[in-house]
Each structure stands twice: as C-alpha cells, then as structure tokens.
Amino acid sequence: MIKDVYNNNKLFHHREKLVDISNKKIVSPVNFQIDITNKCNNKCSWCFYDIYPLPEFSRKDYLNPNVVKDVLKDFKEVGGQSVEWTGGGEPTIYPYFLEVVEFARSLGLGQAMVTNGKMLQGDIAEAVKDFDWVRVSLNSASAHTYKKVHGNDSYSRVVENIENFADIKNSECVLGASMIVNGDNYKEISKFTLLVQSFGVDNCRLSLPQTPENEKMFYEIWDEILDQMNESKTYADNDFTVFTNEDRIDTLSHKTKSTRCYYHHLTPSLGANGVVYPCCHFKYLPEFNLGNVNKVSFKDIWFGGKRKDFIDTIGENCKVSCWMNGKNTLADYIIKNPKDVPHLNYP
Ligand SMILES: C[S@@+](CC[C@H](N)C(=O)[O-])C[C@H]1O[C@@H](n2cnc3c(N)ncnc32)[C@H](O)[C@@H]1O
Ligand code: SF4
C-alpha cells in the first residue's frame, strides 16, 4: 500500500519542470483539479464556497460534458497526467459523472476524487474503485456531530459507503477519510481516527478550515486539538497512516511568508463555470480568470498571452494564506544549482 501520499518530497521527481519554470518556460501541467459541478447535496458549516464572497461562483454552475471531454483531450495532449474530481460542489452528483470518468480512463489519465461520500455506492463506487485515490469528507465520529457540521442526517449512510468501498476498491486505490476540525467536532478527533481505521480506510487527514476568522476560532481549543491530534498519530500502523495539518495554524495566522509560486504551474484548477484558474486558492476570483473553456480551448488558455503575462508574479502577489508554502519553499530549494546549496558536500 502506498502510504506517504501527502509528502511534499514528490516534487523532487519534477525537478526538470521546476528548472524550466524558473527559466520562464511554459511547462505542461501535471494534475488538473476539476470542479465538474458546484451543486451540492450537503451544507457544511465551513464550506469555502458558502462563506466567502466569490464573484464568479454560482451553486447552479456545472460543466457541459462535451466541454469536459475536449478539455481532458487537450490536457492529455499537452502532457497532463492526472485529474482530481472535486468541487465547487459534490462531484458524484454531476449527471454525467460516469461518462467523463470513463472518457478520462480511455485517455489513460490517472484519476482521484474528493467526495462527501453520500453517493459513493452502486455504479459510482464501481466507476471509481480503480482511481489512484478517493478521499471522503466525513468530518465527524457520531451522527449528532455529523448533523451539526453538515446540516443533515446522512452519517450512517456515509459510514456504510466508506466500509463497502474499502471492501470493493482495488488494492492500489488509496482510500482516505478526512476531518476538517472546528469548534463542533474537535472533541471527536481521536475517536474519528480510531473509527475510520476500523472502517478499513488507508489513511486519515486531520486539517483546519480556512474561514474569515482565520486562527481566532481556535484560541480557546487549540491545546486540546493538539492533544487529540497527537493521540491520533499513535494509532498509525503499517496499514493506516495519519496526516495532521496542525502547522496550518501558522498559515491561518499569516505567519508564513509567500514565496515564488511553482505549484500553480503543475496543478491548475477548472471551475464549474468553465474558467481556468491558476490554482484552487484563486478559483472564482475574476482577477485570476485565465480564460473560459466554453469559449477558448484549454491549450490556448494554457499557452496564451493572458496566462503568460502574469504567471511569474502570481506567488509574489498572492494575498491568501497559502497552504502550498511548504511545497514552494521546497521547489525553490530543488531548482537551485547544486553549487548554491549550502554545505552540499557535508551530507
Ligand atoms: C469543497 S470540497 C468538494 C468536494 C466534496 N464536496 C467534499 O466535501 O469532499 C473539497 C474539500 O475542501 C474542503 N473544504 C471545504 N471548505 C473548506 C474550508 N473552508 N477550508 C478548508 N477546507 C475546506 C472539504 O472538506 C473537502 O475536503
Ligand atoms: S460537501 Fe463539499 S462542496 Fe458540499 S458543502 Fe460540504 S465542503 Fe462544500
């Protein structure tokens, strides 16, 4: 089983691209994060798309399947490797989900999905069981807390879906369960970890939400969150990995400094409105709209003048609390000529 899936060191294997980026070449993207629909069958209290004013976001938007296919073809032709179906909204309620997944498969693209798990059953579960990874946002360890954070009673249904999917998925498909931690669910962090381990998932991811309150929402409860995350880590074993993103508190507190951004050259985002954005942080913001695939081909957007004009300055102008800072700092290190690496010969 592949274990350390969130490891930033994967970037070392993209050194050539990183060097090309630093030499101002346009490189092919590796992964494409696609919001096929902004419609959703949940109402999570922290959902980014409900709590921030995003001028180009509408819950009604979804992509035309023929446009998705054209984009996938272009993406593959320029050297793209994998697609992450995400949202926006909930990918599994997109009416053409099976069709676009099958099309991506026919192109030989790797696939992954972030889902709330409500529809991870039947044909959908069958269609995604050979994905590289599937991550289910369960966010709670009881029906009571589930309802508090998602506004509905689907806890046992999602749990059942996770357990069944763990049974039917291919062994190479990495199944994760995630919890966004807030004031309503933090007391359940370690219980959640134990529970999802018992459901047969391969990893769990404990993370913090980006909200307008930033780190302030954690002032009173941070010590207990850390205790619970530390306890959760003790449950890891050969078949189960625990990822804790407690360092995101520094990002939320704006203690991390923005660096030159390499990440967006490798992992762009496509909104359900058809617009290509440099990365997931900039989705639905008009100032980062690179062009719309309903009007222009993905290739033209990727290699076009508009993108060229500001890709080099995106990192410098990035005002958001960027989760990718660690990746960008590492990328900076990787592209340095070996002679610039301090004390290289003192390994
Ligand atoms: C927007 S959701 C879309 C996919 C699917 N509907 C789901 O909930 O898994 C993608 C991921 O973003 C996470 N997310 C949503 N709002 C967030 C926020 N304010 N801060 C951090 N992560 C957030 C979700 O928990 C999920 O893991
Ligand atoms: S399920 Fe996903 S898209 Fe839907 S409200 Fe929750 S976080 Fe947002």
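Modeller: Two residues are in contact if their C-beta atoms, placed from the backbone, lie within 7 Å. Helices (H or I, at least four residues) and strands (E, at least two) are DSSP runs, numbered from the N terminus. The model is predicted, so local features need pLDDT of at least 70 and side-chain atom pairs count only at pLDDT 80 or more, while totals for chains, interfaces and linings use all residues. Residues are numbered from 1 along each chain as its sequence is written, and chains are lettered from A and ligands numbered from 1 in the order in which they are written.

Biologist: In what order do the nine strands stand in the sheet?

Modeller: Strands count as paired if DSSP finds at least two bridges between them. Here the order is S7-S6-S5-S4-S3-S2-S1-S8-S9, in an open sheet with mixed pairing. The edges are held by strand S7 (241-244) and strand S9 (276-277); each has a single partner strand, so one side of each lacks a neighbour in the sheet.

Biologist: Over how many bridges do S1 and S2 pair?

Modeller: S1 (residues 31-35) and S2 (residues 82-86) are parallel and share five bridges. Between S2 and S3 (residues 110-115), also parallel, there are four bridges. Further along, S4 (residues 133-137) pairs with S5 in the parallel sense over five bridges, with valine 136 opposite alanine 177 of S5.

Biologist: Which residues stand opposite glutamate 84?

Modeller: Glutamate 84 lies in strand S2. Opposite this residue stand glutamine 33 and, in S3, alanine 112.

Biologist: Is glutamate 84 buried or exposed?

Modeller: A residue is buried if 20 or more other C-beta atoms lie within 10 Å of its own, exposed if 12 or fewer, and partly exposed in between. Glutamate 84 is buried because it has 22 C-beta neighbours inside 10 Å. Leaving out residues up to four places away in sequence, glutamate 84 touches Asn31, Gln33, Ile34, Ala112 and Val114.

Biologist: Which residues of H4 are buried, and where do they lie around the axis?

Modeller: An α-helix has 3.6 residues a turn, so residues three or four places apart point the same way. In H4, the buried residues are Phe97, Val100, Val101 and Ala104. They span an arc of only 100 degrees (taken from the directions from the helix axis to the C-beta atoms), which puts them on the same side of H4. The face turned away from that buried side carries the exposed residues Glu102 and Ser106. Helix H3 (65-77), S2, S3 and helix H5 (122-128) are among what covers the buried residues. After H4 comes glycine 108, with a positive phi near 80 degrees.

Biologist: Which residues are closest to ligand 1?

Modeller: A residue is near a molecule if its C-beta atom lies within 6 Å of it. Around ligand 1 there are 16 residues, the closest being Phe48, Gly87, Ser137, Pro209 and Gln210. S3 and strand S5 (174-180) are the elements that give two or more residues to this shell. Ala, Val, Leu, Ile, Met, Phe, Trp, Tyr, Cys and Pro count as nonpolar, Asp, Glu, Lys and Arg as charged, and the others, Gly among them, as polar. By class, the ligand 1 shell has seven nonpolar, eight polar and one charged residues.

Biologist: Which residues are around ligand 2?

Modeller: They are Cys40, Asn42, Lys43, Cys44, Cys47, Tyr49, Gly87, Gly89, Glu90 and Asn116. This shell has four nonpolar, four polar and two charged residues.
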